[in-house]
Amino acid sequence: RPLVLWVADRIAREAPEYPLWFAVDHEMLRDCVAAAGYNVLMTSAAHPTGTDRLAEANRSVGADWVINVQADEPLVSGSQIRTLARLLAGGAAMATLGTPFRRAVDFLNPNQVKVVIGGATQRALCFSRSPIPYARELNGVVDDAWVAANPCFKHLGLYGYRADLLEKFAQLPPGRLEQIEKLEQMRVLENGYEIACDVTEDPTIGVDTPEDAVLFEQWLG
């Protein structure tokens, strides 16, 4: 069963109060999602990031704000989606979520993106594929106990945007750090905008690799 349908059904079940659209760039995805009864928008295949794709899609939808659940987040929860909505309603131009790392092997995995959260307003200070914060006194050699005891957060593939920032994002050139890390959210920070960031304890499995797919299959039982 296609992963995108696991995500679609999960969102529809967890947060039915929100209108749900899928922005895709291939007929195979369009046909798959549309056949299941979901709203689909075809977008250009030339977009460098998913956020650029959303900006195009919202020119058709015309929403004042948009919550983006990437199609590799099959365990997204209604609480996570509503938290992003709350941050946007509170004035954030962009919002996202982190969740605590529990294992050193995950913290050190470059496929699991890290976010450093700080400031009086709980905002994202930096994102990286490298293990940040770096344990200098330990030469970066950390165990599960160290990771659990320190502010080590995994970034989730969930975003909220005000429509005006979403459109501005699409007009900005890709940033240097964005291109190095291949992390689109760095474009926002590199251009001086803030990203509100809250913490969720809800379990999550972002399916970015074949190994992640195995974990999700195990979760399904």
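This is a predicted model: local features need pLDDT of at least 70, side-chain atom pairs count only at pLDDT 80 or more; totals for chains, interfaces and linings use all residues.
Local features require pLDDT of at least 70 and side-chain atom pairs count only at pLDDT 80 or more, whereas totals for chains, interfaces and linings use all residues. Residues are numbered from 1 along each chain as its sequence is written, and side-chain values use heavy atoms, with hydrogens and water left out.

The count comes to 11 salt bridges, each defined as a side-chain nitrogen of Lys or Arg within 4 Å of a carboxyl oxygen of Asp or Glu. In one of these, the closest N and O atoms of Asp25 and Arg53 are 3.4 Å apart. Asp25 lies in the loop between strand E1 (21-24) and helix H2 (27-35) and Arg53 in helix H3 (residues 50-61), so this pair ties together parts 28 residues apart in sequence; helices (H or I, at least four residues) and strands (E, at least two) are DSSP runs, numbered from the N terminus. Arg53 is buried, at 13% relative accessibility, while Asp25 is partly exposed at 28% (buried, under 20% relative accessible area; exposed, over 50%; partly exposed, in between; 1.4 Å probe, protein chains only). Arg59 forms a salt bridge with Glu167, with a closest N and O distance of 2.9 Å. This pair links helix H3 to helix H7 (residues 163-171) across 108 residues. Asp52, Glu178 and Arg187 are joined in a network of salt bridges.

Zero disulfides (pairs of cysteine sulfur atoms within 2.5 Å) were found in the whole structure. For Cys152, the nearest cysteine sulfur, that of Cys197, is 14 Å away. Cys152 is buried, with a relative accessible area of 1%.
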